[in-house]
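User: Could you walk me through how to read a few features of this model? I would like the general idea and then the case at hand.

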2 protein chains.
Amino acid sequence: MKERHTRLSVVKELIKNNRIDNQDTLLELLAKEGFTVTQATLSRDLKMLKVGKISDGWSGYYYSLPENDLISESEKSYIQDVRRGVVSIEFSGNFGVIKTRSGHANSVALALDVLALPEILGTLAGDDTIFVILREGMTKEDLLESFKVRIPEIETQ
Amino acid sequence: MKERHTRLSVVKELIKNNRIDNQDTLLELLAKEGFTVTQATLSRDLKMLKVGKISDGWSGYYYSLPENDLISESEKSYIQDVRRGVVSIEFSGNFGVIKTRSGHANSVALALDVLALPEILGTLAGDDTIFVILREGMTKEDLLESFKVRIPEIETQ
DNA sequence: CATTATTTTGCATGAATATACAAGCAAGAA
DNA sequence: TTCTTGCTTGTATATTCATGCAAAATAATG
């Protein structure tokens, strides 16, 4: 069944974009998207997606995707941040200096932190310069290779 | 009624320290602590504590406190600042990089300055990263040991 | 094909959780 | 005291969610 897989991703979207607090209303939304199933099936879908039900901080509860799902989605935009900002990367010893377009250092550094590359021990950002410390045992080649994999088409000279 | 308030904090502890996935078992644990109430009351307690039910990543679900409660419940002291803010500590050569929760780098760095650990020559804080320069002759082991003494239960990995 | 295994689903129902309602209790006002 | 108000609770019940089982759909195998 291809059906289930596509339905799962629709359910995921619905949960991400709406404040849903019970399966029946989710069932209705799903119907509007063209999927008619029963509550039993939906219950199984939610379990499969590892959907949780958490407080809205007030007096209600709503469905929520597990953190991993939320994060890996936004990872894309972090990569965009890096692409947009980086001008050049150079090294000296176990330090790297990334030049960015003016004002972009912070967003790029944040993105690098989020991506959590194993080669990077830490970053410190100014306005258009980022100071990168390599983890012990890692080389600039390792980092550039890692960049190549995660963030293709980046200028590394 | 004083009863409820104390019960709520016990419920909180139980949830924090156990993997509980339904109210009946929580009810039993609560009974062992000397509180005998009905499921109805417990349901209200959970709502009041804004407890959520989230996936264990496998095939089950368990109760979980809202993030705020897990992270902070603190007083003011420098050591508390450090505890609250620090995420990880790693080293490269005679530098240390302390990762903190976003926005906490400054308060942690200030706290470290005030604590005046002999191993630390100076600190430089960004938003969520602190660069620590070790005094000559000091090693990361020295600093970690010093942390262990002054600030137990800190993550040093 | 025919046959067997695997997956997905609905139905019916059980399990888990929430709540309307009325009763109990404490503290203050009259 | 007596009355009123605001919490807190248990009971009974409603609501919401999970699941055993058999049937249907799909995939795999000879």
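Analyst: A nonpolar core is a set of buried Ala, Val, Leu, Ile, Met, Phe, Trp, Tyr and Cys residues joined through C-beta atoms within 7 Å. A residue is buried if 20 or more other C-beta atoms lie within 10 Å of its own, exposed if 12 or fewer, and partly exposed in between, with C-beta atoms placed from the backbone. Here the largest nonpolar core has 38 residues, and Val108(A), Val108(B) and Ile130(B) touch the most other members. Apart from it lies another core of eight residues, including Val11(B), Ile15(B), Leu46(B) and Val51(B).

User: Before we go on, what kind of model is this, and how does the numbering work?

Analyst: This is a predicted model, in which local features need pLDDT of at least 70, side-chain atom pairs count only at pLDDT 80 or more, and totals for chains, interfaces and linings use all residues. Residues are numbered from 1 along each chain as its sequence is written, while chains are lettered from A and ligands numbered from 1 in the order in which they are written.

User: Which residues does Ile130(B) touch, not counting residues up to four places away in sequence?

Analyst: Two residues are in contact if their C-beta atoms, placed from the backbone, lie within 7 Å. By that rule, Ile130(B) touches Ile98(B), Thr100(B), Ala105(B), Val108(B), Ala109(B), Thr123(B), Leu124(B) and Ala125(B), leaving out residues up to four places away in sequence.

User: Is Gly126(B) buried or exposed?

Analyst: Gly126(B) is buried, because 21 other C-beta atoms lie within 10 Å. Gly126(B) sits in the loop between strand S5 (120-125) and S6 of chain B. Beyond residues up to four places away in sequence, Gly126(B) touches Leu124(A), Ala125(A) and Ala105(B). Gly126(B) and Ala105(B) are 21 residues apart in sequence, yet 6.1 Å apart in space, C-alpha to C-alpha.

User: How many residues of chain B are in contact with chain A?

Analyst: On the chain B side there are 18 residues, in contact with 18 residues of chain A. Strands S1 (52-55), S3 (86-92), S4 (95-100) and S6 (129-134) of chain B each supply at least two residues of the side that touches chain A. S1(B) gives the most to that side, with four residues. For classes, Ala, Val, Leu, Ile, Met, Phe, Trp, Tyr, Cys and Pro count as nonpolar, Asp, Glu, Lys and Arg as charged, and the others, Gly among them, as polar. The side of chain B that touches chain A divides into six nonpolar, seven polar and five charged residues.

User: Which elements make up chain A, in order from the N terminus?

Analyst: Chain A has six helices and six strands, and from the N terminus on they run α-α-α-β-β-α-β-β-α-β-β-α. Of the 157 residues of chain A, 25% count as buried.

User: And which residues of helix H5 (residues 105-115) of chain A are buried?

Analyst: An α-helix has 3.6 residues a turn, so residues three or four places apart point the same way. In H5(A), the buried residues are Ala105(A), Val108(A), Ala109(A), Ala111(A), Leu112(A) and Asp113(A). H5(A) is followed by Ala116(A), whose phi is positive, near 50 degrees.
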